[in-house]
Amino acid sequence: QVKLVESGGGLVQAGGSLRLSCAASDIIGDLNTMAWYRQAPGKQRELVANIIGGGTTNYVDSVKGRFAISRDFAKNTVYLQMNNLKPEDTAVYYCYAEIKTYRGYTYAYWGQGTQVTVSS
């Protein structure tokens with residue numbers, strides 16, 4: 001069973017920075033897309049950023065220029081560097097990964113979530 005273990009959340013003041021990490025283990029197949037989603041209280045889960053295959057990245061408009069997603073292929077780890085954090089970034093952040101098995105099936109996995117709280 002694939003495991004996604006997140007770390008790096010916490011409490012920070014507005015304007016501060018945090019770096020989230022998500023390490024994938026027990027992978028059988030190819031780890032393709034990795035991403036970070038977030039869900040604020042009373043809101044739907046939204047895609048924050050993803051990194052596809054060799055490195056194409058996408059960001060939701062609200063974090064462009066402030067967040068950066070990156071990936072360490074050797075460690076099967078994805079990072080989210082969050083700078084100039086704003087109170088509206090407060091949410092539970094979830095790691096997401098798509099794995100394609102050697103038989104060609106694609107499965108999606110989620111991490112347990114890590115809380116990010118930005119105080120004003």
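**Group meeting talk: charges and strands in a predicted model**

At 26% relative accessibility, Asn76 counts as partly exposed, a class that runs between buried, under 20% relative accessible area, and exposed, over 50%, with a 1.4 Å probe and protein chains only. Asn76 sits in the loop between E7 and E8, and its phi is near 50 degrees, a positive value in a residue other than glycine. Asp26 also has a positive phi, of about 60 degrees, although it is not a glycine; Asp26 lies in the loop between strand E3 (18–25) and E4, and it is partly exposed, with a relative accessible area of 48%.

Before I go on, a word on the source: this is a predicted model, in which local features need pLDDT of at least 70 and side-chain atom pairs count only at pLDDT 80 or more, while totals for chains, interfaces and linings use all residues. Residues are numbered from 1 along each chain as its sequence is written, and side-chain values use heavy atoms, with hydrogens and water left out.

Now the overall picture. The secondary structure comes to zero helices and eleven strands, where helices (H or I, at least four residues) and strands (E, at least two) are DSSP runs numbered from the N terminus. The radius of gyration, taken over C-alpha atoms, is 14 Å, close to the 14 Å that the globule rule gives for 120 residues, so the protein is as compact as a globular protein of that length; the rule itself is 2.2 Å times the number of residues to the power 0.38. The C-alpha trace spans about 50 × 25 × 25 Å along its principal axes, and buried residues make up 40% of the 120 residues. Counting contacts, that is, heavy atoms within 4.5 Å, residues 24 or more positions apart account for 54% of those with a separation of 6 or more.

Let me turn to the salt bridges, each defined as a side-chain nitrogen of Lys or Arg within 4 Å of a carboxyl oxygen of Asp or Glu. How many are there by this rule? The count comes to four salt bridges. One of them joins the side chains of Arg38 and Asp89, at 3.0 Å from N to O, and this pair links distant parts of the chain, with Arg38 in strand E4 (residues 30–39) and Asp89 in the loop between strand E8 (77–82) and strand E9 (91–100), 51 residues apart. Asp89 also forms a salt bridge with Arg66, the closest N and O atoms being 2.8 Å apart; Arg66 is in the loop between strand E6 (56–59) and strand E7 (67–72), 23 residues from Asp89. Asp89 counts as buried at 1% relative accessibility, and Arg66 is buried as well, with a relative accessible area of 9%. Salt bridges that share partners join Arg38, Glu46, Arg66 and Asp89 into one network.

The side chains of Lys64 and Asp61 meet in a salt bridge too, at 2.9 Å from N to O, and here Asp61 is exposed, with a relative accessible area of 61%.

Finally, consider Tyr94, which is found in strand E9. Is Tyr94 buried or exposed? At 15% relative accessibility, Tyr94 counts as buried. Leaving aside neighbours within four places in sequence, its contacts include Glu6, Trp36, Arg45 and Trp110. The C-alpha atoms of Tyr94 and Val48, 46 residues apart along the chain, are separated by 9.6 Å.
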